[in-house]
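Reader: I like to know what stands behind each label in a structural description. Could you take me through this one?

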Amino acid sequence: MPHGGADLLLSERLAARREMTMADECMFCRIVRKEVPSQPIYEDHDLLAVPDIQPAAPVHVLIIPKEHMVNLNDAGKNDVGILGKMLRLSAKIANEKGIAESGYRVVINNGADGCQVIPHLHLHLIGGKQLQERIG
Ligand SMILES: [Zn+2]
(Lines give C-alpha, C1' and ligand atoms only; values in the text may rest on other atoms or scores of the structure.)
Protein backbone atom coordinates (compact mmCIF):
# COMPACT_ATOMS: atom_id res chain seq x y z
CA MET A 1 0.00 0.00 0.00
CA PRO A 2 1.47 3.38 -0.96
CA HIS A 3 2.44 5.42 2.04
CA GLY A 4 0.42 8.48 0.98
CA GLY A 5 -2.81 6.48 0.88
CA ALA A 6 -2.90 5.82 4.61
CA ASP A 7 -2.01 9.44 5.37
CA LEU A 8 -4.84 10.67 3.17
CA LEU A 9 -7.31 8.42 4.91
CA LEU A 10 -6.13 9.62 8.29
CA SER A 11 -6.41 13.28 7.29
CA GLU A 12 -9.89 12.63 5.89
CA ARG A 13 -10.89 11.00 9.14
CA LEU A 14 -9.50 13.92 11.10
CA ALA A 15 -11.31 16.39 8.84
CA ALA A 16 -14.57 14.47 9.30
CA ARG A 17 -14.11 14.50 13.06
CA ARG A 18 -13.35 18.23 13.03
CA GLU A 19 -16.51 18.81 10.99
CA MET A 20 -18.50 16.73 13.45
CA THR A 21 -17.18 18.77 16.37
CA MET A 22 -17.99 22.01 14.53
CA ALA A 23 -21.54 20.81 13.85
CA ASP A 24 -21.88 19.79 17.51
CA GLU A 25 -20.93 23.27 18.66
CA CYS A 26 -22.56 25.21 15.83
CA MET A 27 -25.26 27.55 17.13
CA PHE A 28 -27.61 26.90 14.19
CA CYS A 29 -27.13 23.13 14.42
CA ARG A 30 -28.00 23.39 18.10
CA ILE A 31 -31.14 25.38 17.22
CA VAL A 32 -32.04 22.75 14.59
CA ARG A 33 -31.61 20.00 17.22
CA LYS A 34 -33.76 22.04 19.68
CA GLU A 35 -30.88 22.22 22.15
CA VAL A 36 -31.24 26.00 21.97
CA PRO A 37 -34.81 27.32 22.08
CA SER A 38 -36.07 29.32 19.11
CA GLN A 39 -39.42 30.42 17.75
CA PRO A 40 -39.58 28.82 14.32
CA ILE A 41 -41.95 30.45 11.87
CA TYR A 42 -41.46 27.59 9.43
CA GLU A 43 -39.99 24.12 9.62
CA ASP A 44 -39.83 21.11 7.33
CA HIS A 45 -37.49 18.18 6.72
CA ASP A 46 -34.79 20.39 5.17
CA LEU A 47 -35.24 23.93 6.42
CA LEU A 48 -35.89 26.00 9.50
CA ALA A 49 -36.91 29.68 9.50
CA VAL A 50 -36.55 31.81 12.63
CA PRO A 51 -36.71 35.54 13.36
CA ASP A 52 -33.29 37.24 13.54
CA ILE A 53 -32.57 38.14 17.18
CA GLN A 54 -31.06 41.47 16.02
CA PRO A 55 -33.53 42.52 13.33
CA ALA A 56 -32.30 45.05 10.77
CA ALA A 57 -35.88 45.80 9.66
CA PRO A 58 -39.48 45.11 10.74
CA VAL A 59 -39.25 41.77 8.91
CA HIS A 60 -35.94 39.94 9.34
CA VAL A 61 -36.10 36.17 9.06
CA LEU A 62 -33.24 33.67 8.84
CA ILE A 63 -33.75 30.64 6.61
CA ILE A 64 -31.41 27.87 7.67
CA PRO A 65 -30.76 24.50 6.03
CA LYS A 66 -30.89 21.79 8.69
CA GLU A 67 -27.80 20.10 7.31
CA HIS A 68 -24.59 21.85 8.37
CA MET A 69 -22.87 23.72 5.53
CA VAL A 70 -20.46 26.53 6.34
CA ASN A 71 -21.55 28.72 3.43
CA LEU A 72 -22.07 28.62 -0.34
CA ASN A 73 -18.46 27.48 -0.79
CA ASP A 74 -19.50 24.31 0.99
CA ALA A 75 -22.58 23.67 -1.16
CA GLY A 76 -22.23 20.96 -3.77
CA LYS A 77 -24.29 19.53 -6.61
CA ASN A 78 -26.47 17.63 -4.16
CA ASP A 79 -27.38 20.86 -2.38
CA VAL A 80 -28.94 22.59 -5.41
CA GLY A 81 -32.40 21.48 -4.30
CA ILE A 82 -31.93 22.89 -0.81
CA LEU A 83 -30.61 26.20 -2.16
CA GLY A 84 -33.65 26.46 -4.42
CA LYS A 85 -35.98 25.67 -1.54
CA MET A 86 -34.37 28.44 0.53
CA LEU A 87 -35.18 31.00 -2.18
CA ARG A 88 -38.73 29.71 -2.67
CA LEU A 89 -39.33 29.77 1.09
CA SER A 90 -38.11 33.37 1.30
CA ALA A 91 -40.80 34.38 -1.23
CA LYS A 92 -43.45 32.37 0.65
CA ILE A 93 -42.59 33.97 4.00
CA ALA A 94 -42.42 37.42 2.40
CA ASN A 95 -45.94 36.80 1.14
CA GLU A 96 -47.15 35.64 4.55
CA LYS A 97 -45.55 38.70 6.19
CA GLY A 98 -47.33 40.96 3.70
CA ILE A 99 -44.18 42.39 2.11
CA ALA A 100 -44.20 40.48 -1.18
CA GLU A 101 -45.62 43.46 -3.08
CA SER A 102 -43.79 46.26 -1.24
CA GLY A 103 -40.51 44.41 -1.75
CA TYR A 104 -37.76 42.83 0.28
CA ARG A 105 -34.13 41.80 0.13
CA VAL A 106 -32.64 38.30 0.25
CA VAL A 107 -29.01 38.15 1.39
CA ILE A 108 -26.48 35.39 1.98
CA ASN A 109 -23.33 36.61 3.71
CA ASN A 110 -20.31 34.47 2.83
CA GLY A 111 -17.07 34.47 4.77
CA ALA A 112 -15.26 37.27 6.58
CA ASP A 113 -15.47 39.98 3.90
CA GLY A 114 -19.12 39.08 3.38
CA CYS A 115 -19.75 39.70 7.11
CA GLN A 116 -20.86 36.14 7.78
CA VAL A 117 -21.24 35.88 11.57
CA ILE A 118 -22.40 32.28 12.12
CA PRO A 119 -20.47 29.69 10.09
CA HIS A 120 -23.57 27.75 9.04
CA LEU A 121 -25.16 28.76 5.73
CA HIS A 122 -28.24 30.95 6.15
CA LEU A 123 -30.29 33.36 4.14
CA HIS A 124 -31.56 36.71 5.46
CA LEU A 125 -35.02 37.81 4.37
CA ILE A 126 -35.26 41.52 5.13
CA GLY A 127 -38.11 43.92 4.50
CA GLY A 128 -41.05 45.87 5.87
CA LYS A 129 -39.38 49.25 5.31
CA GLN A 130 -37.53 51.11 2.54
CA LEU A 131 -34.03 49.59 2.56
CA GLN A 132 -30.83 51.41 1.67
CA GLU A 133 -29.94 51.24 -2.00
CA ARG A 134 -26.26 50.68 -1.36
CA ILE A 135 -25.35 47.17 -0.21
CA GLY A 136 -21.54 47.12 -0.21
ZN1 LIG B 1 -24.27 24.09 11.83
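Predicted model: local features only at pLDDT ≥ 70, side-chain atom pairs only at ≥ 80, totals over all residues.

Reader: What makes up the secondary structure of the protein chain?

Author: There are three helices and five strands. Starting at the N terminus, their order is α-α-β-β-β-α-β-β.

Reader: How do you know that β2 and β3 pair?

Author: Two strands pair if DSSP finds at least two bridges between them. For β2 and β3 there are five bridges, in the antiparallel sense, so the pair meets the requirement of at least two. Within this pair, V50 stands opposite L62 of β3.

Reader: And what makes β1 and β2 a pair?

Author: Two bridges join these antiparallel strands, and at least two are required, so β1 and β2 count as paired. Here E43 is found opposite L48 of β2.

Reader: Which way do β3 and β5 pair, and over how many bridges?

Author: They are antiparallel and share five bridges. V59 faces G127 of β5 across this pairing.

Reader: What is the order of the strands in the open sheet?

Author: The five strands are arranged β1-β2-β3-β5-β4, with antiparallel pairing.

Reader: Why are β1 and β4 called edge strands?

Author: β1 (42–43) and β4 (104–107) each pair on one side only, which is the reason for the name.

Reader: Why is β3 described as mostly covered?

Author: Five of the seven residues of β3 are buried. A residue is called buried if 20 or more other C-beta atoms lie within 10 Å of its own, so five residues of β3 reach that count. Over the protein chain, 18% of the 136 residues count as buried.

Reader: What makes the largest nonpolar core a core, and which residues have the most contacts inside it?

Author: The name calls for buried residues of nonpolar kinds joined through C-beta atoms within 7 Å. This core has 18 residues, and L47, A49, I63 and L125 have the most contacts inside it. At least two core residues come from each of α2 (27–32), β2 (47–51), β3 (59–65), α3 (80–96) and β5 (123–127).

Reader: How do you know what I63 is in contact with?

Author: Contact needs C-beta atoms within 7 Å. Beyond neighbours within four places in sequence, the partners of I63 are L47, A49, M86, L89, S90, H122, L123 and L125, so each of these pairs falls within that distance.

How values were computed. Residues numbered from 1 in each chain as written. Buried ≥ 20, exposed ≤ 12 C-beta atoms within 10 Å, placed from the backbone. Helix = DSSP H or I, 4+ residues; strand = E, 2+ residues; numbered from the N terminus. Contact = placed C-beta atoms within 7 Å.
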